[in-house]
Amino acid sequence: MTADIDGLLEQVRKQQEDVARIQRGVESMEVKGASRSNEVSVTLRGTGRFTEIVIDPQAHRRFNATDLGEIVLEAVNDGLTRLAEATRARFA
């Protein structure tokens, strides 16, 4: 009976180590997202922190502030979606 419990505890410890290893891998990932027409691109880490937002220099001439805000939001949401997909893939 003790051997069964010891084996089970060892299995749980190994699973916890695996989850921690995968989590560290996710946190170190870098994911990119973009608006539909690539006027805006974003880069974020696996932690969810954005590290870069790049706006096409011509975009502010072609779009008003409201439209440009929507384009930035589209790129941000694309980045978050890609991060969620990459995270699911790592844990699969």
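Let's start with the hairpin of β2 and β3: four residues sit between the two strands, and Gly48 in that turn has a positive phi of about 95 degrees. When I say strand or helix, I mean DSSP runs numbered from the N terminus, with at least two residues of type E for strands and at least four of type H or I for helices. Two strands pair if DSSP finds at least two bridges between them.

A quick word on where this comes from: it is a predicted model, so local features need pLDDT of at least 70 and side-chain atom pairs count only at pLDDT 80 or more, while totals for chains, interfaces and linings use all residues. Residues are numbered from 1 along each chain as its sequence is written, and side-chain values use heavy atoms, with hydrogens and water left out.

Back to the strands. β2 covers residues 40-45 and is joined to β3 by five bridges, the two running antiparallel. In that pairing, Ser41 stands opposite Val54 of β3, and Val42 has Ile53 as its bridge partner in β3.

Most residues other than glycine have a negative phi. Asn38 is a residue other than glycine with a positive value. Is Asn38 buried or exposed? Asn38 is exposed, with a relative accessible area of 54%. For the cut-offs, buried means under 20% relative accessible area, exposed over 50%, and partly exposed in between, using a 1.4 Å probe and protein chains only.

Now put the strands together. Three strands form an open sheet in the order β1-β2-β3, with antiparallel pairing. At the edges are β1 (30-34) and β3 (50-55), each pairing on one side only. Neighbouring strands of this sheet are turned by 15 degrees against each other on average, direction ignored. Those angles run from 0 to 180 degrees between N-to-C directions, and axes are lines fitted to C-alpha atoms, for helices over the stretch in contact.

What packs on the sheet? Helix α3 does, touching β1, β2 and β3, and its direction makes about 145 degrees with that of β1. Contact here means heavy atoms within 4.5 Å.

That brings us to the helices. The axes of α1 (residues 2-28) and α3 (residues 65-91) come within 10 Å and cross at roughly 150 degrees. That makes α1 roughly antiparallel to α3; the label applies over 145 degrees, with under 35 roughly parallel, 65 to 115 roughly perpendicular and the rest oblique.

Which residues meet there? From α1 we have Val19, Ile22, Gln23, Gly25 and Val26, and from α3 Thr87, Arg90 and Phe91.

Last stop, Gln15, also in helix α1. Gln15 is partly exposed, at 45% relative accessible area. Its C-alpha atom is separated by 21 Å from that of Gly46, 31 residues apart along the chain. Thanks, everyone, and I'm happy to take questions!
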